[in-house]
Amino acid sequence: MSCGGGLLLRAARAGSRRALGALSQRRLAAGGLRRLLRTGPRCSSYAKDLFLGKLQKKQVFPYPEVTLDELNDMKQFVVPVEKFFNEEVDSQKIDQDGVIPQETLDKLKQLGLFGMMIPEEYGGLGLSHIMYARLGEICSQDGAIAVTLAAHQAIGLKGILLAGTEEQKAKYLPKLATGEYIAAFCLTESMSGSDAASIQTRATLSEDKKYYILNGSKIWITNGSLASIFTVFAKTEIIDSDGLKKDKITAFIVERSFGGITNGKPENKLGIRGSDTCEVHFENTKVPVENVIGEVGGGFKIAMNVLNSGRFSMGSLVAGMIKKLIAMTAEYACTRKQFNRPLSEFGLIEEKFTLLAKKTYVMESMAYLTAGMMDSPGFPDCSVEAAMVKVFSSEAAWVCVNEALQIVGGLGYMKDHPYERYLRDSRILLIFEGTNEILRMYIAMTGLQHAGQILTKKIRDMKKGNLNVVMELLSTKFQDSMMKKADFGLTGRNGIVHPSMEESARRLEENVYFFGRTVEMLLKRFGKTIVEEQLTMKRMADILINLYAMTAVLSRSSRSVRVGLRNHDHEVLLTNIFCTEAYFQNLYNMSQLEKYSSENLDEHVKKAARQILSNRCFPCAHPLERLY
């Protein structure tokens, strides 16, 4: 879809729903059918099927593309936003002052950035996931702004989008789209972090049953003092099917104007200092019953769906940040001389730049592959893929920023330069929107549940004498005994991966096949108790993240070669480097998973940890200590 004559800018700057409506008609003409297709039944998850040793090519090949009209449309969004961040955002001042200036917030509203994911019919821009990811790259130039925008629309108002009634959407989304209302997501409490089900905030139905009376406190709430609208999760009393009273979590839309809402002082944070973070307190806040999101008692599922749906964008956000760092650091390395040679000529410095480029390429490939899947017909379940993007990207960000700072040396440690700010800003990425430890458990557990259900059904069918299942099992056993190489059709005459990456594709196929066999073995060994084997689950999650990352770069680079994109040979190089490393990491992890307790390194790790924790200190004797 093409936007002519600066229509988008006029619409966004005026904040006019009428102007945005005109834009919407043009956008819907090109993209309406695609959106209608997304409302159909969900497709199976590519990542979940990897636990079965299956590689569903059609879900990930070819790599997502946008039409020329969509690309032109995207430029209408990207150019003014990029210009604003490059020319008008003073990130150093935002970090020093610990606040985003009001004029900067106003300009973000004028550009329409508070309504990126809100549908056009409610006054938003109605961006696809791919376009949202693309704008995220630009917004990442300032961590505080990126977090403020994400807290507003990726989680703050997302519950209304996902589970709100038409009345709730019509009432709140138009003002949230313009930024007249800013949203916040209120889940975490002082005694409830990753264990969201243990929250203590309570909502009690009034005697006339017209209101819920909300009492409790939430901590670390982004946009806490800016927000007019809060998505709040609280315990409510329900009567179950047996007539028993139970506490279940319910989600509410809470307006600040309801009263009884106060917030604490701004938190003094390590990074993203300009973003607004504070405690929010609710004291006898009267919330109308029509402001319940979804069903009473269904709030936990809404909270998880909200968090699951937004994580994919972290890949493009971090990639945008690291790309800027690469450019800055490369300029320094090529001009800074030591021992009469530029830093760029030293092998250990070259290695760091390859690391930066490789991780950026991988996270970007994963993010846009996932975004394309989320935009595709059938609306597939991408919660596991989005979680993997978040884990890989957040950890890659921490490594990359640290290496960039190392390249520039002491200069990177000084506050006059942005490196130390990037380091501080990036640390939170491993913690919020689900800690990486929790997400690894989620990735492994979700895949294991899927595999367990399929394998259990196969066993039942085999016992009933289902000939097809029996033949499939015999074929698998025969293939394993003959050490036949796995072949999912990625290579060869009709292969979908370019021949320049044939070896990498074969390594992916082999990893996928044997991962499926490993999962089957672990389910037989542990059964349902496998959820207690956290180090085993972590290894499985790490393997899956590598498999998905290998898939993403192979799909993307094959498309780049096919269409002749500039520097596609560099993409092939990065793909082959990453796939080789990931292949051997997967082999090691699978070898550890196959070993029993006496041979498994994880058992030694747990034993060492328990000795430390039982002593509450480092338990080893000092090296200078001696017996008398």
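Colleague: In which strand is the place of tryptophan 220?

Modeller: This is a predicted model, in which local features need pLDDT of at least 70 and side-chain atom pairs count only at pLDDT 80 or more, while totals for chains, interfaces and linings use all residues. Residues are numbered from 1 along each chain as its sequence is written, and side-chain values use heavy atoms, with hydrogens and water left out. Strands (E, at least two residues) and helices (H or I, at least four) are DSSP runs numbered from the N terminus. Tryptophan 220 has its place in the strand of residues 211-222, β3.

Colleague: Is tryptophan 220 buried or exposed?

Modeller: Buried means under 20% relative accessible area, exposed over 50%, and partly exposed in between, with a 1.4 Å probe and protein chains only. Tryptophan 220 is not a glycine, yet its phi is positive, near 55 degrees. Its relative accessible area is 58%, and therefore tryptophan 220 is exposed.

Colleague: Is lysine 218 buried or exposed?

Modeller: Lysine 218 also lies in strand β3. Contact means heavy atoms within 4.5 Å. Leaving aside neighbours within four places in sequence, lysine 218 is in contact with residues including Cys186, Ile199, Val232, Cys278 and Phe282. Its relative accessible area is 0%, so lysine 218 is buried.

Colleague: How far from a polar side-chain atom of lysine 218 does the backbone oxygen of phenylalanine 233 lie?

Modeller: A polar contact is a pair of N or O atoms within 3.5 Å; within protein, one must be able to donate a hydrogen and the other to accept it, and residues adjacent in sequence count only if both atoms are side-chain atoms. The backbone oxygen of leucine 187 lies 3.2 Å from a polar atom of the lysine 218 side chain. For the backbone oxygen of phenylalanine 233, the distance to such an atom is 2.7 Å.

Colleague: Which element gives the largest share of the lining of the second largest pocket?

Modeller: On a 1 Å grid over the protein atoms alone, a pocket is an open set of points with protein on both sides within 12 Å along at least five of seven lines, and lining residues have an atom within 4 Å of a point. The 33 lining residues include Lys323, Glu364, Arg556, Arg566 and Glu571, which lie nearest the centre. Among the elements that give two or more residues are α12 (314-335), α19 (534-563) and α20 (568-594). The largest share, 9 residues, comes from α13.

Colleague: Where is asparagine 567 found?

Modeller: Asparagine 567 is not a glycine, although its phi is positive, about 55 degrees. It is found in the loop between α19 and α20.

Colleague: How far apart are the end C-alpha atoms of helix α21?

Modeller: Asparagine 600 caps the N-terminal end of α21, with a side-chain oxygen 2.7 Å from the backbone nitrogen of aspartate 602. After the helix comes arginine 616, whose phi is positive, near 60 degrees. The expected span of a helix is 1.5 Å times one less than its number of residues. For the 15 residues of α21 (residues 601-615) this should be 21 Å, which agrees with the distance between the end C-alpha atoms, 22 Å.

Colleague: What is the relative accessibility of threonine 104?

Modeller: Threonine 104 is found in helix α6 (residues 102-110). Not counting residues up to four places away in sequence, threonine 104 touches Phe84 and Ile145. Threonine 104 counts as buried because its relative accessibility is 7%.

Key
1 Å grid on protein atoms, 1.4 Å probe; cavity = no way out; pocket = protein on both sides within 12 Å on 5 of 7 lines; lining within 4 Å.
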